[in-house]
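These are my notebook entries on a structure that I consulted for the first time. I record what I looked up, one topic at a time.

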Amino acid sequence: RVSATSPKPATETAVDTFTVPSEMKGWVYDEYGGVDVLKYSSNVTVPSVNDDQVLVKVVAAALNPVDFKRRLGKFQATDSALPTVPGYDVAGVVVKVGKQVKGLKPGDEVYGDISEKALDGPKQSGSLAEYTAVEEKLLALKPKNLDFVQAASLPLAIETAYEGLERAGFSEGKSILILNGAGGVGSLTIQLAKQVFGASKVAATASTSKLELLKSLGADLAIDYTKEDFEQLPDKYDVVFDAIGQGEKAVKVVKEGGSVVVLTGAVSPPGFRFVVTSTGSTLTKLNPYLESGKVKAVIDPNSPFPIDRVKEAFSYLETGRATGKVVVYPV
Ligand SMILES: NC(=O)C1=CN([C@@H]2O[C@H](COP(=O)(O)OP(=O)(O)OC[C@H]3O[C@@H](n4cnc5c(N)ncnc54)[C@H](OP(=O)(O)O)[C@@H]3O)[C@@H](O)[C@H]2O)C=CC1
Ligand SMILES: CC[C@H]1OC(C)=C(O)C1=O
């Protein structure tokens, strides 16, 4: 698989400064709708850099369902203005820093989810373009052992997994059932539950061909939802992590006093739903697990998609069959 490397700095300036154009190539939509509203343009305005932001030369970007749900207009009440350059997840190289930035400098290799609140005023100029501007606090230094494709695949999904487990009060010795263990979020939730939180038992659901993957990620029990209904099984769990929209069933298999955390769809008590808040501090906290290999990026076998095949990448993600993450590289 590709090993993405940093772009070369501009030759005419010192190694720690980069020449930034006023326009760039990138994907953009100016109306809500299906993949056909996406246009690849050479005249996208390079975003300006606020004092607390850095400008990142994008090397790789990852897609998330929130990208296509937003493009379909599901969150338009709280969306930023159109036209939109989509893309939350980025891995790239800092080329410019705002005057309040303290911890990053040009040339640093970084990764992160560029929108602090995924649904409430997300960045208008996202990561599916040559440059994106993002607050320093939303980024972390990329682990040296991860290539840019692996790094780009992580931020929104791993931060959702971590925040969901934290909010559910998951802790050492507890049991968890993860509904949708093979997707972008679930494939990381299995690993974090086992390796970071010290789960006593991890169960997860997927279809037949993905059961071995679940076990390789650390699941003690892989449930084939095409053959078994987890609700009919005898086991109850301290935490149920719903990453597919089965909150109403999830509450039926949680232990008395347990937690049901739901990422999407309806839910009733004791279940609760949350929306991820992006923060670089979670990535920094998890970097040692990524550097040691205890937690691994899970990249869909069809990835990476080069930047000119972003429509195809979204169409694939929207089938609901992606295994791990759909990544765009080179951008
Ligand atoms: N609230 C929040 O902050 C966030 C919410 N989300 C939401 O969480 C959901 C999951 O996100 P993400 O992991 O990126 O999604 P993905 O698109 O990566 O999930 C794809 C996976 O879903 C699995 N799947 C489909 N149907 C089922 C089923 N009935 N039971 C179990 N697995 C199933 C597929 O496996 P198979 O082929 O075996 O069916 C496939 O591997 C999305 O709805 C997303 O919008 C995500 C991030 C943050
Ligand atoms: C309401 C959950 C919504 O927020 C994110 C980030 C998604 O992917 C959703 O579906």
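**Entry 1: Surroundings of D89**

I began with contacts and listed those of D89, leaving aside residues up to four places away in sequence: A60, A61, A62, N64, G112, D113, S127, A152, S153, P155, L156 and K325. I note that the model is a predicted one. I then placed D89 in the secondary structure and found it in strand β4, which covers residues 89–97.

Next I asked which side chain of opposite charge is nearest to D89. K325 is that residue, 4.2 Å away. D89 is buried yet has no salt bridge; I recorded that the cut-off for a salt bridge is 4 Å. A polar contact of 2.8 Å does join the side chain of D89 to that of N64.

**Entry 2: K96 in strand β4**

I stayed with strand β4 and looked up K96, which also belongs to it. Is K96 buried, partly exposed or exposed? Its relative accessible area is 43%, so K96 counts as partly exposed. With residues up to four places away in sequence set aside, K96 touches V49, V54 and L55. I also checked K96 against D224: the two are 128 residues apart in sequence, and their C-alpha atoms are 48 Å apart in space.

**Entry 3: Ligand 2**

I asked which residues are around ligand 2. They are V66, K69, A118, L119 and L263. The protein buries 84% of the 290 Å² that ligand 2 exposes when taken alone. For K69, I noted a polar side-chain atom 2.7 Å from an oxygen atom of ligand 2.

**Entry 4: Backbone geometry**

Where does the chain hold a cis peptide bond? I found one from L82 to P83, with omega near -5°. P83 is in the loop between α1 (65–71) and β4. The bond from S303 to P304 is cis as well, with omega near 0°. P304 lies in the loop that runs between α7 (280–292) and α8 (310–317).

I then looked up phi for N180 and found a positive value, near 80°, in a residue other than glycine. N180 sits in the loop between β8 (175–179) and α4 (186–196).

Conventions:
Residues numbered from 1 in each chain as written. Chains lettered and ligands numbered in written order. Predicted model: local features only at pLDDT ≥ 70, side-chain atom pairs only at ≥ 80, totals over all residues. Heavy atoms only, no water. Helix = DSSP H or I, 4+ residues; strand = E, 2+ residues; numbered from the N terminus. Buried < 20%, exposed > 50% of the residue type's maximum accessible area, 1.4 Å probe, protein only. Lys, Arg positive; Asp, Glu negative; His and termini not counted. Polar contact = N/O pair within 3.5 Å; in protein donor to acceptor, adjacent residues only side chain to side chain. Contact = heavy atoms within 4.5 Å. Near = heavy atom within 4 Å. Areas by Shrake-Rupley, 256 points an atom, 1.4 Å probe, with all protein chains shown as cover.
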